Amino acid sequence: MNTENIGMLVRVDACLGCQACQVACREENGFGYDELWMEMIRRKPQKVAGELRNYHVGAPQLDKCAACTEKNHRPLCVSVCPTKCLYVGKKDALLAVMEGPGHWNLHV
Ligand code: SF4
Ligand code: SF4
């Protein structure tokens, strides 16, 4: 899978900002503390369409994710997410997920 076909999707109204995904990425790939392949940027709640909601943003290095998901189609960042709001995979699949309810942040 090359980076043109891959993305990361977060359902922002379900994301707790716990950063378990960020920790799991290091665990999955074994890189040192001087590197960060994926950051979950924690932000203050924002008003969206008149409602106050969380809006944490995933910032992955998608070239790393492309190689990682080739080895493991369900990487640890996804499987540890307590609210199951994180998806990494092919853009087509992510766009299909976005048709479901919720508010989404897509990183491609
Ligand atoms: S897909 Fe792999 S490289 Fe990308 S954030 Fe998840 S664990 Fe890290
Ligand atoms: S593990 Fe899930 S809930 Fe926690 S910060 Fe990552 S995407 Fe959000």
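Reply: We can start with a ligand and the space around that ligand. This is a predicted model, and in this model the space taken by ligand 1 is the largest cavity.

Me: Which residues line the largest cavity, and which lie nearest its centre?

Reply: The lining has 14 residues, with Cys25, Asn29, Cys65, Cys68 and Cys77 nearest the centre. By class, the lining is made up of nine nonpolar, three polar and two charged residues.

Me: Which helices supply at least two residues each to that lining?

Reply: They are α1 (20-29), α2 (62-71) and α3 (76-79). The largest share comes from α2, with four residues.

Me: Which residues surround ligand 1 itself?

Reply: The shell consists of Met8, Cys25, Asn29, Trp37, Met38, Lys64, Cys65, Cys68, Thr69, Pro75, Cys77 and Val88. Nine residues of this shell are nonpolar, two are polar and one is charged. Both α1 and α2 give at least two residues to the shell, and α2 has the largest share with four.

Me: Where does ligand 2 sit?

Reply: Ligand 2 takes up the space of the second largest cavity. Around ligand 2 there are 13 residues, and the closest are Cys15, Cys18, Gln19, Cys21 and Cys81. The shell divides into ten nonpolar, three polar and no charged residues.

Me: What lies nearest the centre of the second largest cavity?

Reply: Of its 13 lining residues, Cys15, Cys18, Cys21, Cys81 and Cys85 are nearest the centre. The lining contains ten nonpolar residues, three polar ones and no charged ones.

Me: Are Cys15 and Cys21 buried or exposed?

Reply: Buried means under 20% relative accessible area. Cys15 counts as buried because its relative accessibility is 6%. Cys21 has a relative accessible area of 9%, so Cys21 is buried.

Me: With these cysteines in view, how many disulfides are counted?

Reply: A disulfide is a covalent bond between the sulfur atoms of two cysteines. In this model the count comes to zero disulfides.

Key: Residues numbered from 1 in each chain as written. Chains lettered and ligands numbered in written order. Predicted model: local features only at pLDDT ≥ 70, side-chain atom pairs only at ≥ 80, totals over all residues. Heavy atoms only, no water. Near = heavy atom within 4 Å. 1 Å grid on protein atoms, 1.4 Å probe; cavity = no way out; pocket = protein on both sides within 12 Å on 5 of 7 lines; lining within 4 Å. Sits in = over half its atoms within 2 Å of the grid points. Nonpolar A, V, L, I, M, F, W, Y, C, P; charged D, E, K, R; others polar. Disulfide = S-S within 2.5 Å. Buried < 20%, exposed > 50% of the residue type's maximum accessible area, 1.4 Å probe, protein only.
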